[in-house]
Amino acid sequence: MKHRISPTLFLTISCLLLGAFPALAGEWQKTEEDQWQYIQDDGEPAVGWLELEGKRYYLDENGCRKCEYWQKDDGAWYYLDEDGVLVTDSWVDNYYVGEDGKMEKKR
């Protein structure tokens, strides 16, 4: 007698196995110069804007995270806090940044 695995059972087992292994994700690594880089799955550092877990970061052309820094992008200014996270809907010194992080006005 031959046994056949039903397509539903096969899909269920496949989903359970795939769910047991987390998706590959990049990771933060500290450089010898005490800079932080986000190394992607392919082993290369991320460059430019990076969004992780609802937070936005900016990484320079070398892949280093910018912190406590005003970043100009496409004619607008954005502020990155001490952890490198884009500041939104807040005052930074004498400047207000809106919900999208763009500097909107001066006090």
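**Reading the features**

Author: A search of the whole structure finds zero disulfides, a disulfide being a pair of cysteine sulfur atoms within 2.5 Å. This is a predicted model, in which local features need pLDDT of at least 70 and side-chain atom pairs count only at pLDDT 80 or more, while totals for chains, interfaces and linings use all residues. Residues are numbered from 1 along each chain as its sequence is written, and side-chain values use heavy atoms, with hydrogens and water left out.

Reader: Are C64 and C67 buried, partly exposed or exposed?

Author: Buried means under 20% relative accessible area, exposed over 50%, and partly exposed in between, with a 1.4 Å probe and protein chains only. C64 has a relative accessible area of 11% and is therefore buried. C67, at 31%, is partly exposed.

Reader: Which residues make up the largest nonpolar core?

Author: A nonpolar core is a set of buried Ala, Val, Leu, Ile, Met, Phe, Trp, Tyr and Cys residues joined through side-chain atoms within 4.5 Å. Here the largest has five residues: Y58, A76, Y78, L80 and L86. Strand β6 (residues 76-80) gives the largest share of this core, three residues; strands (E, at least two residues) are DSSP runs, numbered from the N terminus. Contact means heavy atoms within 4.5 Å. Leaving aside neighbours within four places in sequence, L80 is in contact with residues including W49, Y58, C67 and L86.

Reader: What is the strand order of the open sheet?

Author: Two strands pair if DSSP finds at least two bridges between them. The open sheet of three strands has the order β7-β8-β9, with antiparallel pairing. Strands β7 (90-92) and β9 (103-106) stand at the edges, each with a single partner strand, so one side of each lacks a neighbour in the sheet. Three bridges join β7 to β8 (residues 95-97), and the bridge partner of S90 in β8 is V97.

Reader: How many aromatic pairs does the structure hold?

Author: Rings of Phe, Tyr and Trp (its six-membered ring) pair if their centres lie within 6.5 Å; planes under 30 degrees apart count as stacked, over 60 as edge-to-face and the rest as tilted. The structure holds seven such pairs. The rings of W28 and Y38 have centres 5.3 Å apart and planes at 75 degrees, so this pair is edge-to-face. W28 lies in strand β1 (residues 27-30) and Y38 in strand β2 (residues 36-39), ten residues apart. For W70 and Y79, the centres are 5.0 Å apart and the planes at 55 degrees, so that pair is tilted.

Technical notes: Helices (H or I, at least four residues) and strands (E, at least two) are DSSP runs, numbered from the N terminus.
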